[in-house]
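Read it with the structure open, one topic at a time.

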Protein chains: 4
Amino acid sequence: MIQMTLIQIDNYGPWTVTPRPRTESDLQMLQANLFADLNNHFGNKKGLVFFTRFDNLLAISNGLDEEDHLRIQRSIRNRYPITISMGVGAAETPHEAQRLATIALQKEGGAQSSKRKEILAIDSLVSEEDSFVQAAHIDINSVTETLTDIESAFDTSFMVNKAQHYLMTKLIKKGALLFFIGGDNFMSPCNGLSEEEIKDMLVEIDEEIGIGLKAGIGRGKNAEDAAYMADIGLEEIRERDNEPWTWVVEKEY
Amino acid sequence: MIQMTLIQIDNYGPWTVTPRPRTESDLQMLQANLFADLNNHFGNKKGLVFFTRFDNLLAISNGLDEEDHLRIQRSIRNRYPITISMGVGAAETPHEAQRLATIALQKEGGAQSSKRKEILAIDSLVSEEDSFVQAAHIDINSVTETLTDIESAFDTSFMVNKAQHYLMTKLIKKGALLFFIGGDNFMSPCNGLSEEEIKDMLVEIDEEIGIGLKAGIGRGKNAEDAAYMADIGLEEIRERDNEPWTWVVEKEY
Amino acid sequence: MIQMTLIQIDNYGPWTVTPRPRTESDLQMLQANLFADLNNHFGNKKGLVFFTRFDNLLAISNGLDEEDHLRIQRSIRNRYPITISMGVGAAETPHEAQRLATIALQKEGGAQSSKRKEILAIDSLVSEEDSFVQAAHIDINSVTETLTDIESAFDTSFMVNKAQHYLMTKLIKKGALLFFIGGDNFMSPCNGLSEEEIKDMLVEIDEEIGIGLKAGIGRGKNAEDAAYMADIGLEEIRERDNEPWTWVVEKEY
Amino acid sequence: MIQMTLIQIDNYGPWTVTPRPRTESDLQMLQANLFADLNNHFGNKKGLVFFTRFDNLLAISNGLDEEDHLRIQRSIRNRYPITISMGVGAAETPHEAQRLATIALQKEGGAQSSKRKEILAIDSLVSEEDSFVQAAHIDINSVTETLTDIESAFDTSFMVNKAQHYLMTKLIKKGALLFFIGGDNFMSPCNGLSEEEIKDMLVEIDEEIGIGLKAGIGRGKNAEDAAYMADIGLEEIRERDNEPWTWVVEKEY
Ligand SMILES: Nc1nc2c(ncn2[C@@H]2O[C@H](COP(=O)(O)OP(=O)(O)OP(=O)(O)O)[C@@H](O)[C@H]2O)c(=O)[nH]1
Ligand SMILES: Nc1nc2c(ncn2[C@@H]2O[C@H](COP(=O)(O)OP(=O)(O)OP(=O)(O)O)[C@@H](O)[C@H]2O)c(=O)[nH]1
Ligand SMILES: Nc1nc2c(ncn2[C@@H]2O[C@H](COP(=O)(O)OP(=O)(O)OP(=O)(O)O)[C@@H](O)[C@H]2O)c(=O)[nH]1
Ligand SMILES: Nc1nc2c(ncn2[C@@H]2O[C@H](COP(=O)(O)OP(=O)(O)OP(=O)(O)O)[C@@H](O)[C@H]2O)c(=O)[nH]1
Ligand SMILES: [Ca+2]
Ligand SMILES: [Ca+2]
Ligand SMILES: [Ca+2]
Ligand SMILES: [Ca+2]
């Protein structure tokens, strides 16, 4: 089972324009610092945070219990002008886990309610024995040669976003998620998806929009191990000149 | 004229997997810290950086000259395990400006060339008199009520990404750019676009995918002023219950 | 028993002047960021880092094992232009613990040896049962009224430094340590010292240099708990108008 | 003339214990982040910030005008749970400059007044023509061999603190300041002091406590240039095997 945490900045929209709109570069710094900081906290426990919307972030949180979450809320409160609420859910698929996490938090009040503050709403936690994460690290083949070094920076980022949109559309139907992690890279928490299903999507996208992708698929007890195994999978594919579409590596404990 | 800077991490792909794949949460922190840091540097001079791909970032840089860029490169070199190269271009449209910036940098070597390091390739700079930035701050109407508070966090982020993909597709054809800036917000550097053209796109997207958008359009001598004016425009729209699609505010000096 | 970790930047002196002296404000940022970051890592495990010399930092590390230390080294390597080595020691007194930690690291090579890199030298670790930290949070009485609001900022900082020098001189003789933690505050890891001994020092300093101090003394299984108990002690003293010199609070588990 | 800025966190003491004492590692992070951030802001304009007391920081601010200071206050307010007030003064000696800066701020209310918030109190600013900074970078000879590699980490830091205390005591009498900048390094803003006077102090300290020091003395229009020249001076001394006590380098424009 995979455990996911939704992190939501409390009543953030109104704050950004009170008493008047705040400088955009400051907001970008605030959001990026918060994201980095959360990754430090979750990463210390072998979790992984995705920036998602920056005001709503999703994390793979297998290995983090209630106290861990409370300590993170406290640390943010002590160092930022904003506070965060969190919802936690565990399920067989990542989509279901984040849905449970979201519902748990929504029950406690709206994102822009001035009354809801620093809620920790736990729907469910994964026990150590049941803990399992499958993550696919998906990467564009030869992005440097075919895009970065010959197209304009924005056109390249447009292609990357296009790939993201197509990947999201397909993965969401299968109960999997997809996050952009920078460069030409995406991470898909995808417990329950078979290697075949993933490969089929990549083939379809290649046919539909001509973007060649590969996926290292990692399996482990937590996000850190699964992501690392996925990276090893990608390296295996690179060593075979991007011939295989996918490569699965499972962590042995 | 608008001036844009492309910031590219030197030879980053190989670094991320040498001697073996680096922990993903560390890479997320590194990228987010670099992004925040660049916004601090550019923001100090009234510029604005967009995360774009994180390894390739685009910035509106009106007001920053050669020395400013060199000082930023030095500060990054002194505090990060990686270095950055930059290209700078100025033009009537943002798309052309970033294209000139990209070409200038590409001429100096590829993104994954181990020989190219800390290049500053300036195609053109904007003089103070010619400096002009138009930026549209585009925002989804009532995202909190219609999505955040009732849909799952991932489904909401899927809708936000969908809006981004449609906006990008339309804006790129007009020489404008589009960047996600968090929440349900996008920023479009769009010198040369009329209010009418922007409104038409928002109407089209509403019809095509049922996502209601509004745009505050700001004009000023630099990114900070233009973005602030755009925010004021958004507030004007909000005060009229999201009735107008767009609102233009021009900074007076 | 208290466990202490010495964190040393590898071969840092030469790096600061290669190929030519690096901008001092950048070095200050680098050092402060590293210090903050280490506190995030150690703090996550209820440890506490003192800036000490910035290039050599001492931490109370009860609760952190070998893997925790290795993960911190990895995270720093992935995000900074420098690497760190560490020594770890455990003993009845803090001074002895840091001495063992230092010796363990010194055995592996000098601080400016270009060969020594990312060493983790563990002399000894504390088991959970033996884990015990006593920390005194020492604070100047009414610094705001008597100094900050009436003397010049530098003259006040001179007085704070003077207090530090006198405290250090006395504590070191008793096997205790002393660190400046900002404002008018000092933290003394002081396992083995009696409340009486601490009070006597404060009385002496008052007589010698006319600076009135108070000390909250906390006891717990780790730095976080001990420091929190010490803060509670300080509040007890404040509630009695700074009448008592010391106040001991012990955490109950 | 040298210009100095006093940066003071508003009403910080009470905040650290409300509603109950905040986790010490979080406070250390907050203070270190603020310090790093201020150095980024001041450093961008060739200024330099010293951590001083962390809740009261002193900066050499030649080159920063009123707007620069206001922008820094705004950026901190947008990203931290605390706000800052500042005082600015200019004078022939650093001590007098920080004294004027302190008085200007003190007039606006106490450091722990809940009414005083985000004050910018400017006593005086330096014009570009009058701008001049002299800074001595003072460093212990062979600290690595004689202390770091053979003594315990705390005993070494005790010696460094002792050197600081003796330096402060002597410099303050001559209208100069002294700040610890990490390692075995100190920076003394010292407009008005002659090379001879500085040398005499170093000789005295060597005789009194047996710590051998050297000083690179730099002169320039701002802190960055002066500090860089001082570093060049230190390198000159090192090339002569620490024979000379001092070395002056003046920046040519
Ligand atoms: N977040 C993250 N980004 C990575 C990682 N590895 C590479 N990247 C990013 O991907 C970009 C492109 O690098 P590569 O994928 O190695 O380059 P490529 O030209 O596509 O080469 P192939 O993938 O080998 O075909 C880099 O600039 C990074 O931004 C990783 O492990 N994590
Ligand atoms: N980067 C950035 N994000 C903002 C700004 N203002 C709001 N946001 C983001 O937008 C999210 C949603 O806030 P709003 O747009 O105010 O909420 P809404 O429910 O859509 O309300 P309306 O837009 O007024 O219809 C917030 O959580 C922020 O993440 C801004 O100025 N800059
Ligand atoms: N690191 C740290 N610093 C603190 C803490 N509490 C206060 N300070 C610092 O101490 C400074 C002075 O605050 P106080 O000690 O409350 O003020 P005071 O005027 O001396 O008042 P009394 O100590 O009550 O006599 C603050 O500005 C902070 O920098 C704490 O828990 N940790
Ligand atoms: N802030 C700062 N610290 C420095 C600088 N250069 C060196 N240091 C610090 O000083 C420490 C000791 O380095 P050195 O002074 O080169 O070593 P040393 O053994 O004393 O050698 P000599 O000074 O050449 O006799 C380093 O670990 C750094 O912390 C600098 O330019 N700025
Ligand atoms: Ca790739
Ligand atoms: Ca909105
Ligand atoms: Ca006090
Ligand atoms: Ca030295």
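In the shell around ligand 4, α2(C) gives the most, with 4 residues. The model is predicted.

**Ligand 4: the surroundings**

- The shell of ligand 4 holds 23 residues, and those that come nearest are C:E24, C:D55, D:S142, D:T144 and D:R238.
- Because the residues surrounding ligand 4 come from chains C and D, the site is shared between chains.
- Sorted by class, the shell around ligand 4 has 12 polar, 6 charged and 5 nonpolar residues.

- The side chain of D:D139 has an N or O atom 2.9 Å from an oxygen atom of ligand 4.
- The side chain of D:N185 also places an N or O atom by the ligand, 2.8 Å from an oxygen atom of ligand 4.
- D:V143 takes part through its backbone, where a polar atom is 2.8 Å from an oxygen atom of ligand 4.
- On its own, ligand 4 exposes 630 Å², and the protein buries 90% of that.
- Two or more residues of this shell come from each of α1 (12-16) and α2 (24-44) of chain C, and from each of β6 (133-140) and α5 (143-148) of chain D.

**Ligand 3: the surroundings**

- Ligand 3 is surrounded by 23 residues, of which C:S142, C:T144, C:R238, D:E24 and D:D55 are the closest.
- Chains C and D both supply residues around ligand 3, so this site is shared between chains.
- Which element provides the largest share of the shell around ligand 3? That share comes from α2(D), with 4 residues.
- At least two residues of the shell come from each of β6 (133-140) and α5 (143-148) in chain C, and from each of α1 (12-16) and α2 (24-44) in chain D.
- The shell around ligand 3 divides into 5 nonpolar, 12 polar and 6 charged residues.

**Ligand 3: polar contacts and cover**

- A polar backbone atom of C:V143 is 2.8 Å from an oxygen atom of ligand 3.
- C:I181 uses a backbone N or O atom, which lies 3.0 Å from a nitrogen atom of ligand 3.
- C:N242 uses its side chain, with a polar atom 3.2 Å from an oxygen atom of ligand 3.
- Taken alone, ligand 3 exposes 640 Å², of which the protein buries 90%.

- Is C:D139 buried or exposed? With a relative accessibility of 3%, C:D139 counts as buried.
- C:D184 has a relative accessibility of 8%, so C:D184 counts as buried.

- A:D139 and A:I140 are both buried.

Notes. Residues numbered from 1 in each chain as written. Chains lettered and ligands numbered in written order. Predicted model: local features only at pLDDT ≥ 70, side-chain atom pairs only at ≥ 80, totals over all residues. Heavy atoms only, no water. Near = heavy atom within 4 Å. Polar contact = N/O pair within 3.5 Å; in protein donor to acceptor, adjacent residues only side chain to side chain. Areas by Shrake-Rupley, 256 points an atom, 1.4 Å probe, with all protein chains shown as cover. Nonpolar A, V, L, I, M, F, W, Y, C, P; charged D, E, K, R; others polar. Buried < 20%, exposed > 50% of the residue type's maximum accessible area, 1.4 Å probe, protein only.
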